[in-house]
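Please look over the sequence and structure shown below before reading on.

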Amino acid sequence: MNKGASVLSKEKRGKLYGIPVLVKDNICVKGEETTCASRILKGFKPPYDATVIKRLKDEGAVLIGKSNMDEFAFGSSCETSCYGPTRNPWDTDRIPGGSSGGSAAAVASDQTILALGSDTGGSIRQPASLCGVVGLKPTYGRVSRYGLIAFASSLDQIGPITKDVTDAALVMNVIAGYDEMDSTCVDMPVPDYTKSLVKDVKGLRIGVPKEYFIEGIDTEVEAGVRGSIDLLRDLGARIVEITLPHTQYAVSTYYIVAPAEASSNLARFDGVQYGFRAQDAKDLVDMYIKTRSKGFGNEAKRRVLLGTYCLCAGYYDAYYLKAQKVRTKIKEDFDRAFKLCDLIATPTTPTPAFRIGEKTLDPLSMYLSDIFTISANLAGLPAISIPCGFSKNSLPIGLHMLAKPFDEETLLRAAYTFEQNTDYHKRKPGL
Amino acid sequence: MKRLYEAVIGLEVHLQLETETKAFCGCSTEFGKSPNSHTCPVCLGFPGSLPVLNEKAFLYSIKVALALNCKIQDTIKFDRKNYYYPDLPKNFQISQFDMPLSYDGFVDVISGGREAGKRVHIKRVHLEEDAGKLIHPSCASYSLVDFNRAGMPLLEIVTEPDINSPEEAYNYLTALKSILQYLRVSDCDMEKGSLRCDANISVRRAGEKELGVKVEIKNMNSFRWVREALSFEIGRQTSLAEAGERIIQETRLWDAQKFVTVSMRSKEEAHDYRYFPEPDLVPFIVDKKIIEDIRKALPELPDARADRFVKDYGLSEYDARVLTGQVDLADYFDECARIYANKKTLANWINGDMAAQMNARNVNILGLGIEPKDLAELLKMIDDQSISGKIAKDVLAEMIETKKRAGEIVSSKGLSQISDKGEIEKAVLDVLAKNERSVSDYKGGKKTAITFLVGQVMKQTRGKANPAMVNDMLKKHLGE
């Protein structure tokens, strides 16, 4: 896609000169088909580069293609793509996670050095966890969303999926920072994230929320994550038990706020200007109905309906407004917790990768795959998933860590220290 | 006869702000360019694009709000108004719902003197983005969309239901437009659509407290149509009420050809706009100092200016109102007044001959192309009797036509007033000799005959003779 990264003198080479990068299909690349894995955007070639793409190109990265995803990032399994499912390199009968499943699977199977994903409720971290790679969701406002085709504007954030923590820091050095094209992007200096790659967690207070080790969590996942926390303790971190009392409301809150915003964000896909348009319409309304009926997959329709319902006159207060209030409560939980600790450690997912088709008929159980990751989006916090073990079936398990807003540095430091003391990130799927 | 029913009217004005760029992107707002030439991913609502508020549009909004005596919201936030229409690129409009940027203001509508004035309260003023324009080619099975207008900053100014007659509505709109033009935030051109008006109207038994069923009227493209549409609607609703029939809550369109309103959609068909806070724009707190700075920099507004024209220039209330109704005209008068002493004469000329020329040419004062100093030159020529007032009218017309200065026209055409006693006397004697009949009429007591004789002298001198001198000279020779 990056027509021949030309050979440049050393001084002119950018920070990612020659590095192949895969881009999730919901991030606009000028002139390259960008579809969100949806029929409704088939053939859509953005006339502009997303800010992150511009920054990658400016630093010499080689964009090698677009990666598969759940349609419009609606999903946790990469099964809702109009192109068909992506498979997990560790077991091709299983899902890679989602929605950035294509990005995570490609990094895990060495098809690229790194990939960009987007994370609205766990869409970077959950597939990273299930594919045994590193996935970082930056603080809301740390990375420009300009050019990211919006799912839920107040939750979306672009981030790197990489083979190790060092690469994540290197990508962050390129993509993070203020962008005048995104009003939600925060104008704050960007640190050199590689300076956080320090092998030291001594004195770091790591909070472990009791609400996250719930009934129903896979025993191997629990054992892996608890073992990892023990390791961090052995390396000098102080483990503190904390409480995040509103955790149980996170999933329901998310499934009101996110679809509400999505229903409005997806309204523009109507066949008028770009993408797919149904040809047999007899009038305008018929064109809208047919275009959207044929263009969107089932999960997209489900979320648009859900969101539209929540915003309707008479339901708004009971759903959307209430959810926003709960969202504030969840945020306050974290504010309190971060007075007692510097980081919070939890599992990334309740189970390792499940089988393709296993949850497609049960949206609710699918939605619960994001139970541990959703809160970071609701609170706007940075969070990372790193490999921390394997199940008996050789399926990766992820350690999930959250930090205070704009404290990606502490996140990277702990993740790096853990990584340097383990070799999970070095294991490769036996494809 | 006391009226049995009274009308309750509220008006919604949409004003396009004259910023250089659109409300949420950097595209030009220039009018009349080829379709879709002033567009970008943001105003086209392309996937992935995000809005960024145009600071100038916001500051203009505050300026309008303050001029309309409104309170300014502490925190500014935007909302999405969701509805599907092909001229709306995102299928939602960025607008303001429960927290308009300003609220609780008023406009004093003074017409027919201060006592007859009325205060119309402003409920809210909020900022939103405009939609594009649909074009329906005749005989085509498709429509076209021009998005040049999409994303233009639009201010919505909503009154309380304070207005009780079509005339009051008309006067309010005129006063509002005048204020808006003074602020120089919009050209307020209804033909270009930069100012639009919708009305809400209900009728109730006179004296009743409760409001009747409200009808919204759209598609009124001039203040005159607003007045006509409201008159029609009051008649329609009153007859229904008198006949004991139900008035339906609905939206009606004004048909300017048939002079009626027609139903467009009923309440049941009304949209549910599913408003919610725009997540792509962060709410922000307005710096009080910015507001105070704008308040201090507000120009002198029409009412204050009219008062000043009465007080400082000694003009009549009527003249002052006419001259200050339009900002360019008021500025023009002020400039002329600086270099020309007789303000009453100035007002007479501007409100008289120049107003007639403006009407005939359908331009405002600037469109006449007469510099204040050139008008002053002309008026001074009358004062020092270089030309007669009558000749001056022709000279003015010529000035407008040819853009030449008064002195130039007068000298090149030999229009200078004849004030030479000998020359006038010669003409007078000549006329008296030729019109014995009138002379004898006059001498016989018919004093009005002198008017004819003056006319004859003027004719003979091609209008150049000093009329006062002609008059005196005639009387002298007629033996008075």
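Into which domains is chain A divided?

## Domains of chain A

Chain A is divided into domain 1, made of 16–253 + 319–426, and domain 2, which covers 254–318; these bounds come from an automatic or database domain assignment. This is a predicted model, in which local features need pLDDT of at least 70 and side-chain atom pairs count only at pLDDT 80 or more, while totals for chains, interfaces and linings use all residues. Residues are numbered from 1 along each chain as its sequence is written, and chains are lettered from A in the order in which they are written.

Taken over C-alpha atoms, the centres of domain 1 and domain 2 of chain A are separated by 27 Å. Their contact takes 36 residues from domain 1 of chain A and 28 residues from domain 2 of chain A, two residues being in contact if their C-beta atoms, placed from the backbone, lie within 7 Å.

On the side of domain 1 of chain A that touches domain 2 of chain A, helices H6 (250–265), H9 (317–340), H10 (363–367) and H11 (374–379) of chain A each supply at least two residues, and H9(A) gives the most, with seven residues. Helices here are DSSP runs (H or I, at least four residues), numbered from the N terminus.

## Where chain A meets chain B

The contact between the chains takes 32 residues from chain A and 25 residues from chain B. On the side of chain A that touches chain B, at least two residues each come from H6, helix H7 (284–295) and helix H8 (298–311) of chain A, and H6(A) gives the most, with three residues.
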